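Subject: Structure for your review

Dear colleague,

Please find the structure below, together with its sequence. My notes on it follow.

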Amino acid sequence: MSVKTRIALLLGFVAVLSGCSSDPNQSALAQQFFNRSKGFEPGADFLAAQRSGAPGYVAGLQNGENAYTIFLRQTVNARGEETWISPDRLSLGMKDGMLIATRGFGDDQLAADARATRAALTSGRETVTERFVTLLTEGSTAETFAFRCQITREKQEPVQLSESYTADTELFYETCRNGQMAFRNLFWVERGTRTIVQSRQWVSTETGELALRLIKP
Amino acid sequence: MTFHKYFHGLWVSAAMSATPALSQDVELKFPVSEFGTPGLIDMPSGDVFEDGTLQLSTAFHSGTQKYNLSFQITPRVFGSFRYAIVDAFDGAGTTRYDRSFDLGYLFAVETELRPSMVIGLRDFGGTGLYGSEYIAATKHFMDDRLAVTGGIGWGRLGSYGGFSNPLGALSDSFKTRSEVQGAGGDTGQLDVDQWFHGDAALFGGLAYQINPRLSFKLEYSSDAYETEVANAGFQHKTPVNAALSYGFDNGADLTVYALHGSEIGFMASLPINPRTPAYASGIEEAPPALMPRQSAAALSWNEGSVQTGNSPLSAALRDQGITLEGITVEGATATVRIANGRYPAEAQTLGRTARVLANHLPETVTTFRVESTANGMTTARTTLRRDDLEALEYDLDGSWRSYARAGFEDAPRTEAATITGTYPKFDWRLSPYLDPALFDPDSPLRADLGLQAEAAFKPMRGLIFSGAIRQPVIGNLDESTRPSNSVLPHVRTDIVEYAKQSDLEIKHLTAEYFFRPGKNLFGRVTAGYLETMYGGLSTELLWKPVNGPLALGAEVNYAKQREFDQLFGFQEYDIVTGHASVYYDFGRGYLGQVDVGRYLAGDYGATFSLDREFDNGFRVGAFFTLTDVSFDDFGEGSFDKGIRFTVPIDWLSGAPVQGGYGTTIRPVQRDGGARLDVRNRLYEVVRASQTNELEDRWGRFWR
């Protein structure tokens, strides 16, 4: 057998056999590698949430081109912490419109405490708040960072949430620093209800910011 | 990125993306010499790499190629392995293939007034081609843009502008150095009696960072290139060398340099930070959310239904890559036995298992005891409370608080009733393989590439019949022309014959039984074709407490040498080998191991190993073996030694896949100090699910 024939045979076999295993995890990984553009089938949990008419977000990652998806609220626990899930099996932890966790983004935020910022947004005050973020480090340990955040009210702005509903909002900046990291979150807070109808919230240095907009029926 | 385009036609308002994120500062440095160590061009510096950095580099100038691999072992100690190809070093028409090791120690950290200072050995265990020692000091100025280095060298680094060794004031023996540079000496031995001996010379230079991309280096070299001048026509016109480097965002750089006024060379280096995987938290799907507690009636739950492999609980765990092998529910406590088939971090397996249990067991069950297994053995039992899960799911310090509240204990006997239909199991896999032989004495790279088929049949817990066959498709492992010249039994040096005389080969074909003889004890018996060169019987006993850093092991093997065709036949040679082993986890990722016993050639001795394992599983280690075989009888290299790496698949891909790519690099493979390469030695099988490793990666519990 000539060398060229062997190379061609090998490449052919590699392509075929990379997906050959009794372990569905291995096979799925190989299929994912060879067919990255293929979409995911929504999980059963997502379909159940969809059937129940759960509230949703349109979401976009600022670092990724065409990186859009939707999240539906799956459950709320006793402390008001919500889990939102996407059809491609990512999840968000949210509390009162504030991002408090991500899962499946590659560089996730394990947890966050943004209660002080939320209070400022509710009251509409320009103030300085403290925010805490726990990241999953590259060494698989959790590390919590504290930030000093400046809350500023930028302008009043309409945000169209559907063809029939435009929210009258105030845009707030939350500019956070801690000496090592810095980021800026944007919140569009509906006047009156003080609901965050649209936001751009930092996840982690690598993942960047996640843009969220409430879906109004 | 796992964020997939799903909802076509959606848009995010320009306002949401118009405001840029606040920028981060970027710091670039170019500290690598052509020897792959911290330095200027040929000269070393008083710097070290960032702790844990793995630095790959290569340098070329006329007739010389260097391939370097350096590792910052601790914040103060670095080591390097080098493979050099030098034309005409031993005279016209010859080529020297040289392997050498360096070691450096930072004995003074830079302060406002004091430079950082390194004492180093270059080529201390090879052929002495670059044999030298040095003390170098480097001080940084102008916000680190300018680094000024000065130093004193011995050996080759004392060969230009040399003067009488100042250490001669301590003893006259320092004034002379017995070996002629590059003549060879006793290859592989530590020539301690030559270190810092003979004439010394001063060297120095500077590195200046012109802008974030470009840096310039200038050095005064104390290397006379005596042998190259004498044998290879090298012209040493000036002691001054200069270089210009271009740096990339990832820390890599390309350098062009002028050497001694006669040569132009090129260098490239790439730093790898083992701490930095492709994705810090992986790209696997999100874990199941904790759902509100439900009654048994609401869950349609009864104790009998959960004892089958097709229960909703089993299915939900299977969806997470976890096999439920056993379950017992007594009052408020559920004990389950699981097998993790997906996650490299056992903590992640525990976290997902706990959430699935909480979602599928009735609210009256409040305590979950999860038995981890490895090859069928129960290795540890972790106790988690439902209340804690619910309280800490999105808690700011939920990871460590959940670790603090968890209980860990040994599980010598399972307390979970086996689920019907768990066994037998059958697994198989077809995959390509790469079998490299790096840096052998005649060629820097030999390798075979081919196809491998593996299968495993598990009729009961702990008993595994498995095999792997390989078909090489392309490669050059069989092209080596070095016949074994070993005076010892040819237990490893006939490796070329194995490559030449085999085609379709049985890599292994074994029956293994893993069992728990008692508390903190683990056992293994393996019989069959144990590895590519030996078959026989291997037995092992390991003592390893679930919460302790120390482990002790004993292994006894009967090994018979296999035929070169690697099929079913055996040769005449056989031997009883065995080792007593001590393992110690020093913390901070440093793992030590000493194995004392009898090796394949019948020699008695000990192997000393030190590995640094990062929390994400990336591992770099080194070892050496000393036995009662004399250095002369051992042959080239004098004694067995090498370095080894393991790169986890999930480090490379971010996908939740166990295992990794590993290789061992030896300067030369000889017959002394050679150990049986039996699969699934217990220490590595067991430790992943025990407390030390769980703690290291507990951040993944909520991932």
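Chain B averages a pLDDT of 90, and 94% of its residues score at least 70; pLDDT is the predictor's confidence in each residue, from 0 to 100. This is a predicted model, in which local features need pLDDT of at least 70 and side-chain atom pairs count only at pLDDT 80 or more, whereas totals for chains, interfaces and linings use all residues. Residues are numbered from 1 along each chain as its sequence is written, and chains are lettered from A and ligands numbered from 1 in the order in which they are written.

For the complex, the predictor gives an ipTM of 0.88 and a pTM of 0.88. Two stretches of chain B call for caution: pLDDT stays under 50 over residues 1-28 and over residues 180-185. The model has 53 contacts beyond four places in sequence for residues 1-28 of chain B and 16 for residues 180-185, a contact being two residues whose C-beta atoms, placed from the backbone, lie within 7 Å. Where pLDDT is low, the predicted coordinates should not be read in detail.

Turning to the architecture, chain B contains 12 helices and 30 strands, counted as DSSP runs (H or I, at least four residues, for helices; E, at least two, for strands) and numbered from the N terminus. The radius of gyration of chain B is 29 Å, close to the 27 Å that the globule rule gives for 703 residues, so the chain is as compact as a globular protein of that length. That radius is taken over C-alpha atoms, and the rule is 2.2 Å times the number of residues to the power 0.38.

In chain B, 46% of the 703 residues are buried, that is, 20 or more other C-beta atoms lie within 10 Å of their own, against 12 or fewer for exposed residues and values in between for partly exposed ones, with C-beta atoms placed from the backbone. Helix 5 of chain B (residues 346-360) has 14 of its 15 residues buried, so it is largely enclosed by the rest of the structure.

The largest nonpolar core has 92 residues, of which A:Ala59, A:Phe71, A:Ile100, B:Val336, B:Ala354 and B:Leu357 touch the most other members. Such a core is a set of buried Ala, Val, Leu, Ile, Met, Phe, Trp, Tyr and Cys residues joined through C-beta atoms within 7 Å. Apart from it lies another core, of 42 residues, with B:Phe71 and B:Val620 among them.

Yours sincerely
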